[in-house]
Amino acid sequence: MRNASLFFAALLLGVAMLSASSASADEAQQALEPSITEILSILADPQYKDSSKAGEQKERLEKVILDMVDFKLFTALAMGKAAWIQFSPEQQNRLVDAFTQIMENKYLDNIRKYTNEKVEYLREDVSPNGNKARIETAIVGAKSGQVPVTYSLYKNRKTGRWLVYDLTVEGISMLSNWRTQFAEAMKKMSPNELVERMEKQARGEEDVFPEQAPAARESR
Amino acid sequence: MFRYAMSFLGLALALALALCPNAARASGPENQAALAAANEIPGSSQALGQEGSDSSTFGAEEPNVEDDSQQPIADDVWGEFEGDVKVENTPDPLQPWNEAMFEFNDYLYYYALKPAAQAWKFVVPEKPRRWVSNFFNNLASPVRFASCLLQGKFFEAGVVFSRFVGNTAFGLGGLADVTSDLKPTRKISTTDEDFGQTLGIWGFSNGPYIVWPVIGPSTIRDSVGYAGDSFLDLSWYLEVELWQNILIKTGQTINDTSLRLGEYEALTEGAVDPYAAVRDAYMKFRAKQLSE
């Protein structure tokens, strides 16, 4: 009899834990999904077919993305703790701004052509403590075929909001990719030089891409 | 036959014109570390658990990274997230050579391959370009067939074989990929296999990263795999002169590139270190392929 009640208690507890974790699983996706849906609808919006409105479209996309991604954490993690603390707080902020700008330049300009894409939510994993999640999706469309994209999100304890801090496309994590780059860059230049370089690139000065200069030129 | 085999090897190394963007998507497998990196994504909840190495310390006063952007990143945040970044420890003893070759390929891409692909794209609509791509893809079926067999993926090998027969017979010799919509009778893993991945499955590690002129990024193991694959690619066995075959291969590369313009740019544009960006991307992509 005692065993039976213990069994029931365990069962109840198990069910409670299950529903708790699925609740936060939903939470992460519920936070991500509206942003992605909005991005897709902005991209599909026929009024932006006119390229004179590209600027306006870019601004709207920018807003959604800034709201969905934690660029500071993104930059810091891409740098890694050992390198990050070599930057003064002021340099750190400049770095985050430049990094954000580079990302925006790079993606918002390329993303315009994807006007008819769908995102399928394949699966999600939530960490045991419920504050980190990975959401696996696939972008499906005429232009892209099927591209697997995984979003890494964490839950900000204070605000309770879920924010993206990494993006993995075709198995390539942006965070790790930038860590590799920053590691190489830090071998060659001082924090200040790196910040200035990033800022130049963000302003599009160093980066004379795409037609005029090869990629290799600017790293050397 | 022997002549073709020899021309093959030489050509495979020198003239496949499979530049970085292609190669980054194209061939080879991974060592344990890289495999672990790929596992980062599938993120079984177990893996996630291990990442937050000290999830217990993630407590009441988590510093708010997002709200007060002036706050420094606190220690427990580092603890929480550092494990998420899988740093690639690709051995790169050939770095000076590799960087020079990377630069060479980069010039080749921007000054030869890309303009050619853009011109081709301008002249020919997308559909015919897909047909050309399908045709060569179909001719490369033996590569996937053999690799599936060697990896013990017998059902997948059967799928590759029947697609080859189907596309060749009913798709105008492989121009149309008529079988791509047909679902196999049971769920299969990917048939996108090559000899480099096979070697990886067999337990060979990557060896150093190496960038070949023209061919692009690879590793020692993937290079061996690439040479092996060349022997099974039927497009090298067409009854034409060697120089004609080279021309055909160049054309194939231009055609394939025309369908992929922008991928290489997306990877290197805005990069602080394009060489490192491509190396990381290549290793990660191969790790993912190997895990599938």
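Okay, let me start with a lysine: B:Lys249 is buried, at 7% relative accessibility. Keep in mind that what we have here is a predicted model. So who does this lysine pair with? B:Lys249 makes a salt bridge with B:Asp233, and their closest N and O atoms are 3.2 Å apart. The aspartate is buried too, at 11% relative accessible area. What I like here is that the pair links distant parts of the chain: B:Lys249 sits in helix H12 of chain B, B:Asp233 is in the loop between H11 and H12, and 16 residues separate them.

Staying with charges, the search over all chains turns up 22 salt bridges. Another is B:Glu292 with B:Lys288, at 3.3 Å between the closest N and O atoms. In that one, B:Glu292 is partly exposed at 40%, whereas B:Lys288 is buried at 15%. There's also a network spanning both chain letters: A:Glu184, A:Lys187, B:Asp92 and B:Arg279 are joined by salt bridges that share partners. And B:Glu263 meets B:Arg260 at 4.0 Å, N to O; the glutamate B:Glu263 is partly exposed at 32%, and B:Arg260 is partly exposed at 27%.

Now, aromatics. The count is 16 aromatic pairs over all chains. Take A:Trp178 and A:Phe182: a tilted pair, 5.3 Å centre to centre with 50° between the planes. Where do they sit relative to each other in helix H6 of chain A? They're four residues apart, so about one helical turn separates them. For an edge-to-face example, go to B:Phe195 and B:Trp202, 6.2 Å between centres and 90° between planes. Here B:Phe195 is partly exposed at 21%, and B:Trp202 is partly exposed at 45%.

Back in chain A, A:Trp178 and A:Phe182 belong to one aromatic cluster with A:Phe71, A:Phe74 and A:Phe99. A:Phe99 is among the buried residues of helix H5, and so are A:Leu95, A:Ile102 and A:Met103. What covers the buried residues of H5? The cover includes H2, H3, H4, H6 and H7 of chain A, together with helix H13 of chain B.

Last thing, confidence. Chain A has a mean pLDDT of 80, with 80% of its residues at 70 or more. Residues 207-213 of chain A fall below 50, yet that stretch has 19 contacts in the model beyond near neighbours in sequence. Residues 216-220 of chain A are below 50 as well, with 20 such contacts.

Methods
Residues numbered from 1 in each chain as written. Chains lettered and ligands numbered in written order. Predicted model: local features only at pLDDT ≥ 70, side-chain atom pairs only at ≥ 80, totals over all residues. Heavy atoms only, no water. Phe/Tyr/Trp six-rings, centres within 6.5 Å; stacked < 30°, edge-to-face > 60°. Helix = DSSP H or I, 4+ residues; strand = E, 2+ residues; numbered from the N terminus. Buried < 20%, exposed > 50% of the residue type's maximum accessible area, 1.4 Å probe, protein only. Contact = heavy atoms within 4.5 Å. pLDDT = per-residue confidence, 0-100. Salt bridge = Lys/Arg side-chain N within 4 Å of Asp/Glu carboxyl O.
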